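Subject: Structure for you to look at

Hello,

Here is the structure I said I would pass on. Please open it beside this message and follow the notes below.

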Amino acid sequence: MTRGICILGATGSIGRSTLDVVALHPDRFRIVALTGNHRVAEMQEICRLHHPQLVVMAAPEAAQRLRMALRDEGLKDIQVESGPEALAEAAGMSGVDEVMAAIVGAAGLLPTLAAVESGKRVYLANKECLVMAGKLFMERVHQRQITLLPIDSEHNAVFQCLAEGKGVRRIMLTASGGPFRTWPVERLAAVTPDQACAHPNWVMGRKISVDSATMMNKGLEVIEAHWLFDLPAAQIDVLIHPQSIIHSMVEYVDGSVLAQLGNPDMRTPIAHALAYPERMESGVSSLDLARGPDLRFEEPDLQRFPCLALAFNALRAGGAAATVLNAANEVAVQAFLDGALSFSRIAAVVEETLTDLQPAAPDHLDGVLEIDRLARASAVRHLSGQESSRRRSS
Ligand code: NAD
Ligand code: MG
């Protein structure tokens, strides 16, 4: 029997890699539902190849265009819907056994939670979900007793190295250091979105590419690891490893260190999770250590990467600091991508928003969404720098 899959964020980088892996195994999987935002031509091409039952485009106008395009192609049996409720319905629909959560940012929270509530097996790429609402999200995962498997390469690596789970001293999340690891710090103020998105080892969506360049991505991953593996900040280390061959490591109390290695290609963690507890082909080539680059390691420089320190501090602070951090970062990164904020101001906007708002941890999802909204509004005020200069002069 094949397993029915829903991919939330099918038109994105993780979504496309998932479709590639699924296409290698028609005997195991069938695509039932797909979601996107506004890229109609891409979704149309995916529909031609994978013929889902249901497609949801978050933007209504995109759904309308897709419906017409599919009708013109004779694919009118593919149902097309739009809007946030339809995203959640796709994740929870009958016929779907497993959900790849690969929407970027806070927009992924409600549909991913819908998958959890419906008892689906969930593959989690959308780390922002856990940063924003880790406690409530994991409570629902435990209550519903669903299988949650990490797709983020570091967390997938830790998961693979945590076979026994006992006697763990610490985990070491590796980080490439992004495109600016060796740049003079003074030059960072003038970097462009295209420079920030040119990652040395991975091809990814633009938001996570900017997060990798600031190392906020690693900070979000520290918080993600805290919730996934139930470890305090003191047992989560970050190690720069520019070659991105070791995807993370687990150190045990006896001094053993287990690492997971592989070529930097997201199809490996995706195939691992989809096949778990079995193994299956991913299409990724063999790792050639003899001919590959030397593996090197260094400590992260927190002066160069203040976002990493902000994320560690938010995790230690608890309350809703991580929700505020995530929202402010999404606003700042979007402003940077739109040319409205300099690269080196991203960390400043996040820090100023964290200073502004220090809410207690909410015990309901509505509380999380309200803090997310307030933090976004505060971050927008800090974008122009007016808020901080007003404060200095008062
Ligand atoms: P991407 O930008 O390539 O794709 C994002 C997807 O989300 C697209 O399908 C888009 O249509 C959809 N989307 C965007 N905004 C939406 C909205 N408001 N409502 C509904 N759908 C929306 O991003 P990506 O690189 O594939 O990353 C997806 C997630 O996976 C992120 O959370 C990222 O941190 C995580 N992740 C990505 C990688 C990677 O290699 N790309 C690795 C690890 C984790
Ligand atoms: Mg990662």
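A residue is called buried here if 20 or more other C-beta atoms lie within 10 Å of its own, exposed if 12 or fewer do, and partly exposed in between, with C-beta atoms placed from the backbone. By that rule, buried residues make up 47% of the 394 residues in the protein.

This is a predicted model, in which local features need pLDDT of at least 70 and side-chain atom pairs count only at pLDDT 80 or more, while totals for chains, interfaces and linings use all residues. Residues are numbered from 1 along each chain as its sequence is written, and chains are lettered from A and ligands numbered from 1 in the order in which they are written.

Overall form

The C-alpha atoms fill a box of roughly 65 × 50 × 40 Å along the principal axes. The radius of gyration (taken over C-alpha atoms; the globule rule is 2.2 Å times the number of residues to the power 0.38) is 21 Å, which agrees with the value near 21 Å for a compact globule of 394 residues. The protein has 16 helices and 11 strands. Helices (H or I, at least four residues) and strands (E, at least two) are DSSP runs, numbered from the N terminus.

Two residues are in contact if their C-beta atoms, placed from the backbone, lie within 7 Å. Among contacts with a separation of 6 or more, 70% are between residues 24 or more positions apart.

Domains

The protein is divided into domain 1 (3-150), domain 2 (154-262 + 271-302) and domain 3 (318-394); such bounds come from an automatic or database domain assignment. The centres of domain 2 and domain 3, taken over C-alpha atoms, are separated by 26 Å. Their contact takes 12 residues from domain 2 and 10 residues from domain 3. On the side of domain 2 that touches domain 3, the elements that give two or more residues are α8 (193-197), α9 and α10 (216-229). Of these, α9 has the largest share, with 5 residues. By class, this side of domain 2 has 8 nonpolar, 1 polar and 3 charged residues. For the classes, Ala, Val, Leu, Ile, Met, Phe, Trp, Tyr, Cys and Pro count as nonpolar, Asp, Glu, Lys and Arg as charged, and the others, Gly among them, as polar.

V210 is a residue to look at in helix α9. V210 is buried because 26 other C-beta atoms lie within 10 Å. Leaving aside neighbours within four places in sequence, V210 is in contact with A196, C197, V333, F336 and L337. The C-alpha atoms of V210 and H199 are separated by 8.9 Å, and the two residues are 11 residues apart along the chain.

The ligand

Ligand 1 is surrounded by 25 residues, and the closest are G9, G12, N37, M204 and G205. A residue is near a molecule if its C-beta atom, placed from the backbone, lies within 6 Å of it. The shell draws at least three residues from each of domain 1 and domain 2. At least two residues each come from α1 (13-23), α6 (127-144) and α9 (206-214), and α1 gives the most, with 3 residues. By class, the shell has 12 nonpolar, 9 polar and 4 charged residues.

Helix α5

Helix α5 (residues 109-117) is largely enclosed by the rest of the structure, because 7 of its 9 residues are buried. The buried ones are L109, P111, T112, L113, A114, A115 and V116. What covers them includes β1 (3-8), α4 (84-92), β5 (98-101), β6 (121-124) and α6. Just after α5, G119 takes a positive phi of about 80°.

A loop residue

L295 is in the loop between α11 (267-275) and α12 (306-317). Is L295 buried or partly exposed? L295 counts as partly exposed, because there are 15 C-beta neighbours inside 10 Å. Not counting residues up to four places away in sequence, L295 touches H241, Q243, I245 and I246. L295 and P242 are 53 residues apart in sequence, yet their C-alpha atoms are 7.9 Å apart in space.

Regards
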